[in-house]
Amino acid sequence: MNLLGIALVLTSLLSIPAAVQDVGTVTFLEGSLRIIRGTKALQAAEGTRLRQGDIIESSDKGFVELEFVGGAIVALGPSSRMYVFRHGTGGKSASDATGGELVLLSGWLKGQSDTHAGSYRYESPLLAAMSGNGTVVFHTNESGCDVFVESGSAVIGEVGPDGNAGKPTAGTAGQFFSRRQGKSLVNSSRPSAAFVEAMPRSFRDALPSRLAHFAGKPVEPKAPHQVSYAEIQPWLTMPPAWRRGFVDRFKPRLKDPEFRKQLEIHAAEYPEWVPILHPE
């Protein structure tokens, strides 16, 4: 089993109790931030707590900083969509409290962690990176994915259509990895000029911790509404490895006729829904 495969197995052993477990906090926000939690879409603010399973989406001109239990800091750039797939439990031991698996469906992500934060696995439809002591910058869209190892080290691997990573490649500070749709992984000793030019300005500096400002001051998200089909459609069609549990999670929305209608129309894109839509 390769290194990324081992990491996935180890990460899958992270168990988290009920959905009320906090795994992080929104500590800086420009623009607006939507969180899809359970079957509801919420408007988040600075101080909002994060939970495993949260789908986090920044606005067109937004920037958000998220600080996770254990010390990792993750920033999202404009129009970025991230899923908290797994995170440590916050238990008594250090290994219980740290480490995570975050899926970047589109946009910009900067992940900064050290040995105390545990190993973080950042995934996108084309590339995955795991780092236990370093900083990585991700950019992914429909045409391809880029990963820059800003500091420390990381392990980079191609991601298949099912969401599982292939053969890993070790990366050190300064290295740049890129993969276009239908192509193989390419790496170089420095990031491309286009990547540097497009990178959000806020990503050029280290991410400072602001968690102390929100200690003991949780902020409840506002304006909840039941999530629409359009709001979760991109997540229903992401690679199967990451959407496990979505049928049980969003099945209550089938009571909405329009939601059910849209699922029926696009059922071929997510076959796991067919037995629910047509139990006969």
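Is Ala 223 buried or exposed? Ala 223 counts as exposed, at 53% relative accessibility; here buried means under 20% relative accessible area, exposed over 50%, and partly exposed in between (1.4 Å probe, protein chains only).

A word on the basis: this is a predicted model, in which local features need pLDDT of at least 70, side-chain atom pairs count only at pLDDT 80 or more, and totals for chains, interfaces and linings use all residues. Residues are numbered from 1 along each chain as its sequence is written, and side-chain values use heavy atoms, with hydrogens and water left out.

Most residues other than glycine have a negative phi.

| Residue | Phi | Relative accessible area |
|---|---|---|
| Ser 79 | about 45 degrees | 35%, partly exposed |
| Ala 223 | near 50 degrees | 53%, exposed |

Ser 79 lies in the loop between strand 7 (73–76) and strand 8 (81–87), while Ala 223 lies in strand 16 (residues 222–226). Strands (E, at least two residues) and helices (H or I, at least four) are DSSP runs, numbered from the N terminus.

Glu 65 is buried yet has no salt bridge, that is, a side-chain nitrogen of Lys or Arg within 4 Å of a carboxyl oxygen of Asp or Glu. The nearest side chain of opposite charge, Arg 210, is 6.3 Å away; Lys and Arg count as positive and Asp and Glu as negative, with His and the chain ends not counted. Beyond its neighbours within four places in sequence, Glu 65 has contacts (heavy atoms within 4.5 Å) that include Thr 25, Phe 28, Val 74 and Arg 210.
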